[in-house]
Amino acid sequence: MNLFCVGLNHRTANVETRELFAGHAESAHELKERGVCSEVLLLATCNRVEIYGAASDEIATDSIVRSLRGNVAADEAIDGDIFYRHDGLACTEHLFRVAAGLDSMVVGETEILGQTKQAYERARQMGSAGPILHRVFQRAFRVAKQVRSRTDITRGSVSVGSVAVDLAEKIFGDLRGRKVLLVGAGDMSEKTARALHSRGCTELRVTNRSADRATELAAQFGGRAVSFEQWTTECRDIDILISSTSADDPFLTQEILSPLVAHRINQPLFIIDIAVPRDVAPDVNELDGVYLYDIDSLQAIAEQSLALRRQAVAQGEAIVAEHVAAFRDELARFISRGFSEGNCREKPAIAASLRVSES
Amino acid sequence: MDRWFVILATLCYFAALLRTIWLIRADTYRQLGFNAVAMASGFAFQTAFLTMRGHAIGRCPITNLFEVLVFLAWSIALIYLAIGPTYRLSLMGAFTAPLVFAVQSVALMLPIDSAHPPQLTVNRWLEFHASISMIAYGAFALACVAGAMYLVQERQLKTHQLHKVFSNLPPLPNLFSAMTRLLWLGFGLYTAGLASGFLTGEPLPHLKIVLAVAIWVIYGVILVARYARAATPKRVAAFSIFAFTAAVTLLWSIEFTAQRSLHR
């Protein structure tokens, strides 16, 4: 019995290639139906497509790849080097790393654990996951939980949008009902607004040189468009301002903003200036209760979090290594007990799948 | 003998302080288990000291400067343990432990645990006045801690320098809200303490009355400014720190003067 993993991910294949292989759960299940594998599971996310399986005979990587390619048009030329393969304990180690987010494009992202759990649940319901995959995956979930709780791998925000949301929460606490003004309707400001909207900032105003674009974007968020000539007066009562115009010089200066925020005693104003060149003069940050962040400051915070996550990778890897060793020892004990009791048919199979000897 | 409980309590707060420093140096902050246990243990030892001393002297143990400082440290810990979990103010323990440690260290290092005059009679109003005032000081101390946390958080957000440890600080409105409530709690208790001082039936030193009323006025002005929107949250935070520093200095002066006149 051999445990293996064959797949491709964001490091080995570009998104167009990964798209071709995503979502073929049935083709993986067919491997079991055809008797190629005794157990099989497909993990397909936007960054990886992997088949985990257990089979009594050693199965060539090509035949697994062929099953993955089942629905891929024959004329699509696929480079064989995009696939990797892990066997036995290397496979368990790979799975532990994947579930813990150590192998993700954004290190420490937590979505992968949920996706792994869903993949396992789907395989279990289809009857294609058996005792071997059950043990390995349950262990992987434990490893992921430990890596998340014992290291800083998931800490901090790593994108401009999420950094902006985190800062807004530090400044305002609860974001529900906060008023947001978008000046300019660029892609980045739209994404940031979307992130804020998802946290409860439901009152959105948009202003843009093109009134149509402002109206269109405002409609997306259930907000309202504001005349571009009069948007500064909105600063009297908004909470968050996101600016991303293509102006050559800063148009929001301390002189303009100061009288507008003078009456705001306990009402901070958070300004996110995503534009390059900047829309807001840096000395605006000196005003009491005004917190100005430009794209560089937001990116610096995101980089800082990413660096912390990278530092935590070594700790995460150590936890994974501990678990791989513990898993191997646990299986060795399990097998030894199984052989001496002579009452378990599945134990030798599990042992062989991981190439664990009794000694 | 009962002094050992104060030493043990101080060691508990020192352990919490060391742990916080270690975590800051290691650039990590994993909450709060150790600090919570250390502070709860410190509080238990303080309570043991106050109980033993109270039984020994047959009255509330705030009869000399040593006892006053321990009672003040106990009040700070009491308010922290009561409100810390309620407001989910992460890191407040990290800010409170050094304060309590400092107060108790001063109490232990100075020769201020003077003998008790045997002829002292128990005046219930006087005891109520003194103890409720001390607990009010505990609330003011925590308001000062919340103010310090607010200023640290505000500074971080202004300068864009988000320290990893202090990234656990609560949002500004939560800190401001906790600070305001602690100021109200302290002000209410202090008012009760001040009013009860006039019911003791004993002659009150003129200086003591003036200083006590001055503290009451300072906190009253802070609260009025806060609600009249005459002061920004940042200023209220700064005033809370200033007011507590002033209050402790005045408290020290009051007790020091009282002890000197007692020994004359």
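Predicted model: local features only at pLDDT ≥ 70, side-chain atom pairs only at ≥ 80, totals over all residues.
**A walk through chains A and B**

A:Val40 has A:Gly53 as its bridge partner in β3(A). β2(A) and β3(A), the latter covering residues 48–55, run antiparallel and are joined by six bridges.

Four strands of chain A make up an open sheet, ordered β2-β3-β1-β4, with antiparallel pairing. Going from one strand to the next, the twist averages 15°.

Now turn to chain B. Its secondary structure consists of eight helices and zero strands, and reading from the N terminus the elements follow the pattern α-α-α-α-α-α-α-α. Chain B has 264 residues, and 40% of them count as buried. Its contacts can be sorted by sequence separation too: taking those between residues at least 6 apart, 82% join residues at least 24 apart.

Finally, where do the chains touch? On the chain A side, 16 residues are in contact with 15 residues of chain B. Two or more residues of that side come from each of α7 (160–172), β10 (290–294) and α11 (295–341) of chain A. The largest share belongs to α7(A), which supplies four residues. By residue type, the side of chain A that touches chain B divides into seven nonpolar, five polar and four charged residues.

How values were computed:
Residues numbered from 1 in each chain as written. Chains lettered and ligands numbered in written order. Contact = placed C-beta atoms within 7 Å. Nonpolar A, V, L, I, M, F, W, Y, C, P; charged D, E, K, R; others polar. Pairing = 2+ DSSP bridges. Axes fitted to C-alpha atoms, helices over the stretch in contact; angles between N-to-C directions. Buried ≥ 20, exposed ≤ 12 C-beta atoms within 10 Å, placed from the backbone.
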